[in-house]
Amino acid sequence: MATIAHYPHTEHRLDNGLRVVISEDHLAPVVAVNVWYDVGSRHEVLGRTGFAHLFEHLMFQGSANVGRGEHFALINAAGGTLNGTTWCDRTNYFETLPSHHLATGLWLEADRMGGLLDALDQPNLDNQREVVKNEKRQTRDNQPYGSWLEQVHSSCYPAGHPYHHTTIGSMEDLDAASLEDARAFYSTWYAPDNAVLSVVGDVDPATVLEQVQRFFGGIPPKGGFPTPPSTDIAPRLGREVRRTVTDRVPVPRIFVAYRTAPFGTHEFDVMQVANIVLGGGRGSRLYKALVLDRQLLQPSEGSAIDSWPFVGGATLTIADLAAREGVDVDQLEEAYHHEVARLAAGVTRDEIERAHAVITSDWLHHLSGVDGRADTFSQFATLLGDPGLINDVLPRWLAVGADEVAEVAGQVLAPTNRAVITFLPDAEDEQEAAA
Amino acid sequence: MTLITDRPSPSDPRPWTFPAFERREVAGGRVITAHLPGRPLAVTSLVVDAGASSEPLGQAGVAELVARALSEGTAARDAYGFGVAGERLGASWRASTDWDSLRCGFEVPVGELAAATDLLAEAVRDAAFADETLKRVRDERLDEISIELSQPAARAGAAFAAEVFADSSRYGRSEAGDEGTISALANDDIRAFRSARLRRSLATLVVVGDLDGADVEALGRSVFDGWDDSAEGSVVPDVAVRAAGRRVVIVDRPGSVQSMLMVGHDGPPRKVEDYVAMTTMSMILGGMFSSRLNMKIREEKGYSYGAFGGYDTRKHGGMFLARSAVQSEVTAPALADIVAEIERMHAGGVEPDELEQARAYRAGVFPISFAGTAPVASGLADVVTHGFADDHFDALRARVLTVTKAELDASARTRLRPDDLVTVVVGDAEVIEADVAGLGLGPVTVVPDED
């Protein structure tokens with residue numbers, strides 16, 4: 001068993017409320033700058049789904065002292081890489097830089113945290129609206145099984161619940177987004193007292209703190225953040241939900257989603273281990289029974305089952321099962337449910353040992369780069385209030401035993417707590433294939 | 001509100017070089033190691049001159065099947081047993097092929113490096129390749145292909161390669177094979193490729209990580225000792241192109257809300273003399289966010305989520321390719337813009353500030369690209385595959401910093417060939433065909449989608 005790595009760090013809070021996490025790592029002359037804003041698609045209002053993500057795009061279009069297109073250009077010219085992402089609970093922005101260019105990264109983040117409104121205009125909004133609509137077409141509408149995410153969200157959360165809609169939103173709502181919406185969204189949520197900044201890498205913490213103070217210290221806090229829409233929901237679905245989607249897809253594929261206690265809870269931690277026993281890796285139950293022995297399931301790169309890290313109400317655990325060619329989809333589904341039921345009936349010590357080894361390596365891998373580590377510090381600080389959890393979660397996972405996995409899997413992966421979404425090839429395609 | 005208006009200057013850079021590595025011979029095999037202190041994970045990996053380019057014509061995909069079958073059971077244990085053995089070490093197995101190599105091995109907690117290397121040796125030396133295993137691996141690959149081809153980008157990529165290269169060229173078929181070639185493979189074909197190409201003389205063991213306390217000689221012996229070593233040479237593939245001149249292939253996918261566009265032609269191999277100039281030029285054209293293609297197609301027109309272009313350089317040849325997925329309604333104007341940017345670069349070369357930006361990015365990003373164990377191992381695998389010198393990455397970085405506008409402009413004139421552009425569109429022919437035909441991109445062929 002590998003030794004458990006410890007990631008030292010310090011935490012600070014500027015007078016304007018900005019939380020700062022700094023962690024040294026001098027193995028390579030690089031540094032990661034990572035900002036999480038505590039706003040995501042669950043904060044969106046009715047009729048404006050997809051707005052948090054559209055807004056993320058606007059954050060790359062310039063700010064008070066940064067011209068259009070300059071944000072990317074300045075980071076690239078420094079030899080750095082960058083991006084941003086949006087999900088239900090948060091929006092993050094990040095760059096990795098050669099460490100001597102740290103100040104450029106901090107300056108750019110500060111300028112858009114405090115000065116975006118100066119650059120926000122209708123042409124930028126219209127352009128990025130089209131880009132985002134094409135992102136939706138490329139990643140969803142023009143892809144086989146492309147609606148699976150929407151199906152999962154809408155079948156597990158009732159209409160009106162903040163997790164009912166996906167982060168990409170709807171075309172109609174994207175079309176309706178106005179410059180006024182963008183100004184209001186920024187003025188409401190984008191503020192130092194609603195953000196976490198993590199800096200990880202080849203840096204001197206005292207110097208970092210000085211620079212952070214210099215660049216971010218003058219940005220006024222906003223305070224008075226509105227109470228986000230409530231994510232309260234029953235911890236379980238309470239019944240089985242079934243949907244069939246007939247579409248232009250090559251083979252049947254089943255998604256099974258279960259409501260699960262949120263990120264940060266003990267149940268969530270147990271499910272991390274249970275997912276590996278059931279579907280993570282070539283030594284997992286699903287791989288052995290469905291891929292190797294019965295050859296019903298297509299093997300996949302990642303785990304066949306995963307839990308999402310949502311913090312509101314209930315999160316989801318989702319299995320992704322693509323059928324082998326010619327396999328009857330009902331047979332695949334039945335075989336899958338059988339393996340799930342067997343898990344609740346008992347887990348061996350060998351299986352737990354394998355799961356512990358896998359989860360340890362996966363975690364080391366996830367944190368091996370300064371970028372992944374900075375993002376994890378920000379995640380824990382933003383969602384759970386404590387970046388130090390980065391050092392606590394692995395011991396928690398390793399304390400999860402066989403009995404507990406069986407017990408919790410029995411509760412979470414229960415027939416009355418699942419949404420089964422089945423994609424089937426449409427009849428026209430089948431006829432063509434038969435012809 | 002107080003924002004700092006002055007742009008910060010960088011502090012003094014910490015010098016960076018590619019991690020030092022060592023080559024040695026152990027038990028008749030080549031071993032290459034890099035010591036990266038302080039990393040909890042290590043990589044142990046075998047790089048073999050057994051890539052797709054070395055496949056017999058008509059057996060496209062056999063190398064990939066060999067790579068996959070290595071972890072599907074050995075003389076000592078079945079597929080499940082092999083999987084469990086690695087995972088109990090916390091080791092994750094990866095096996096893959098590209099045009100010029102087969103790569104397989106583990107990322108593993110450094111304390112289990114020796115055990116993982118033993119397992120790697122077991123896979124490459126003693127994999128059973130039983131009939132039922134090979135049948136399953138082949139059938140799984142065929143299923144995977146049907147899913148891949150349902151994705152527009154993969155469908156376009158296959159059509160593009162087939163249109164650019166001649167039927168006699170391996171480059172005309174997908175890197176990991178297609179339905180036709182794979183379903184035709186007999187179990188003995190798979191075994192024959194394995195015994196022809198998985199040999200000590202064609203293999204190199206790459207080990208990267210915190211090697212304090214690691215017995216590298218023992219790792220080498222574990223893999224190479226007693227491995228059959230009858231010599232087998234390198235294979236030089238046929239890289240003939242199908243034709244000269246512009247032409248268009250539309251793969252008809254009714255109801256598509258986007259068109260997947262690919263535009264390009266064949267290109268030179270990795271060791272071409274103007275490699276740095278050519279690839280820096282293509283970065284400006286389509287290899288970074290601020291590239292001409294992305295700025296035009298995405299940031300100016302909003303036609304797409306992104307547009308890219310660049311060279312795929314293999315050991316014996318390659319291709320130039322620009323691509324973007326665009327809203328169906330703007331297929332023709334987007335194609336016109338892409339071709340116009342290629343023509344503009346060909347005729348006029350780059351601007352000094354573009355070169356400055358590309359050079360700074362490309363040289364500056366080295367420390368980030370190679371900050372971890374796995375990327376360093378992958379870099380060393382490239383050194384092995386292409387026969388690069390020990391100072392390869394440092395020399396490459398230095399060359400990037402000195403390459404001139406004149407050199408880029410010359411590469412643009414010779415390495416971009418607007419008159420030979422092959423255009424592939426996967427989209428709804430009824431909506432786009434007439435407009436595309438009017439663009440002057442050559443004769444248009446519409447083919448039905450095959451799934």
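How do helix 9 of chain B and helix 10 of chain B lie relative to each other, roughly parallel or roughly antiparallel? I'll start there, noting that this is a predicted model.

Helix 9 of chain B covers residues 275-286, and helix 10 of chain B covers residues 292-300. Their axes are 3 Å apart, at an angle of about 10°. The two helices are therefore roughly parallel to each other. On the helix 9 side, the contact uses Ile284(B), Leu285(B) and Gly286(B); on the helix 10 side, it uses Arg292(B), Leu293(B) and Asn294(B). By type, that contact has 3 nonpolar residues, 2 polar and 1 charged.

Next, a pair across two chains. Chain A contributes Glu353(A), Arg354(A), Ala357(A) and Val358(A), and chain B contributes Val84(B), Glu87(B) and Arg88(B).

Now helix 13 of chain A, residues 370-384. Its 15 residues span 21 Å from first C-alpha to last, close to the 21 Å expected. Helix 13 of chain A is mostly covered, with 13 of its 15 residues buried. Just after helix 13, Gly385(A) has a positive phi of about 80°.

Last, confidence. Chain A has a mean pLDDT of 96, and 97% of its residues reach 70 or more. Over residues 430-435 of chain A, pLDDT stays under 50, and the model has 1 contact beyond four places in sequence for that stretch. Where pLDDT is low, the predicted coordinates should not be read in detail.

Technical notes: Residues numbered from 1 in each chain as written. Chains lettered and ligands numbered in written order. Predicted model: local features only at pLDDT ≥ 70, side-chain atom pairs only at ≥ 80, totals over all residues. Axes fitted to C-alpha atoms, helices over the stretch in contact; angles between N-to-C directions. Helix = DSSP H or I, 4+ residues; strand = E, 2+ residues; numbered from the N terminus. Parallel < 35°, antiparallel > 145°, perpendicular 65-115°, else oblique. Contact = placed C-beta atoms within 7 Å. Nonpolar A, V, L, I, M, F, W, Y, C, P; charged D, E, K, R; others polar. Expected span 1.5 Å × (residues − 1). Buried ≥ 20, exposed ≤ 12 C-beta atoms within 10 Å, placed from the backbone. pLDDT = per-residue confidence, 0-100.
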